[in-house]
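Dear colleague,

Please find the structure below, together with its sequence. A summary of what was found follows it.

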Amino acid sequence: MDKTSLALDFLSTKAVKLNPESPYLYASGMHGPIYCDNRLLMSYPIIRRRFTKALRELSQKITFQVVGATATAGIPHGAWLAESLNLPLIYVRGASKSHGSCKRVEGAFQSCAKVLLIEDLVTTGMSSLSAVEALRLEGLKVDTVISLFQYGLPEVQNRFSEANVELYSVLTLDELLDEAAKVGSLSNSQISAIKTWQKNPVQWNERFLSGMQR
């Protein structure tokens with residue numbers, strides 16, 4: 001797997017944006033120096049094929065019969081992986097439908113089938129593990145999640161371990177920062193600021209808000 005090319009793909013498409021001087025506002029209300037929108041990757045045929053290949057390489061060490069994907073950003077990547085492996089695809093909604101069958105897991109599957117879950121981004125890991133739980137409630141076996149990208153925040157690996165789930169990622173924030181440093185797209189001070197946020201996002205956000213109020 002060519003980590004350098006994958007990192008440059010994230011940066012060149014702006015699927016991952018890094019800006020410690022002007023932090024992004026997240027849906028949670030917190031701020032941070034990084035913003036990830038992996039939906040942008042699907043618009044570039046060569047790049048999406050490169051990420052599908054990376055997912056396939058990671059999946060070779062896993063035994064599974066069904067590819068699962070998280071709605072919505074994980075669906076295209078899960079679909080391309082499933083197509084390349086000639087396997088069924090299902091996906092997990094963020095919440096159950098409020099009408100019709102009220103299902104949360106969409107697609108055809110047999111109970112007890114083993115599912116590999118594809119996620120676009122792992123931040124805290126809570127949404128991924130919620131999707132795992134939804135699949136398990138349907139009688140499916142899930143013990144592995146592969147994400148396109150993850151921030152490597154504290155306690156994430158512990159959450160997955162406690163749920164008996166292995167987490168793999170095509171690329172991590174640390175790997176991306178290494179490549180950003182090599183190509184000179186970020187200075188050492190900028191990288192240091194992002195790593196400070198990574199170690200304690202809550203404390204970093206509090207300091208940022210405190211600075212705004214001065």
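**The largest pocket**

In this predicted model, the largest pocket has a volume of about 930 Å³. Its lining comprises 40 residues, of which Leu 121, Thr 123, Thr 124, Ser 127 and Tyr 151 are the closest to the centre of the pocket. By type, the lining residues divide into 20 nonpolar, 12 polar and eight charged.

Several elements contribute to this lining. At least two residues each come from strand E4 (34-36), strand E8 (114-122), helix H4 (126-137), helix H5 (156-162) and helix H8 (201-212). Helix H4 gives the most, with four residues.

Why is strand E5 described as largely enclosed by the rest of the structure? Five of the five residues of E5 (residues 66-70) are buried, so the strand is largely enclosed. Val 66, Gly 68 and Thr 70 point one way from E5, whereas Val 67 and Ala 69 point the other way, and all are buried.

Finally, E5, helix H3 (residues 74-85) and E6 together make a right-handed β-α-β unit.

Yours sincerely

Key
Residues are numbered from 1 along each chain as its sequence is written. This is a predicted model: local features need pLDDT of at least 70, side-chain atom pairs count only at pLDDT 80 or more; totals for chains, interfaces and linings use all residues. Side-chain values use heavy atoms; hydrogens and water are left out. On a 1 Å grid over the protein atoms alone, a cavity is a set of points where a 1.4 Å probe fits but cannot get out, and a pocket is an open set with protein on both sides within 12 Å along at least five of seven lines; lining residues have an atom within 4 Å of a point. Grid points are joined across faces, edges and corners, and a volume is the space filled by probe spheres set on the points. Ala, Val, Leu, Ile, Met, Phe, Trp, Tyr, Cys and Pro count as nonpolar, Asp, Glu, Lys and Arg as charged, and the others, Gly among them, as polar. Buried means under 20% relative accessible area, exposed over 50%, partly exposed in between (1.4 Å probe, protein chains only). A crossover is right-handed if, with the strands pointing away from the viewer, the path from the first strand over the helix to the second runs clockwise.
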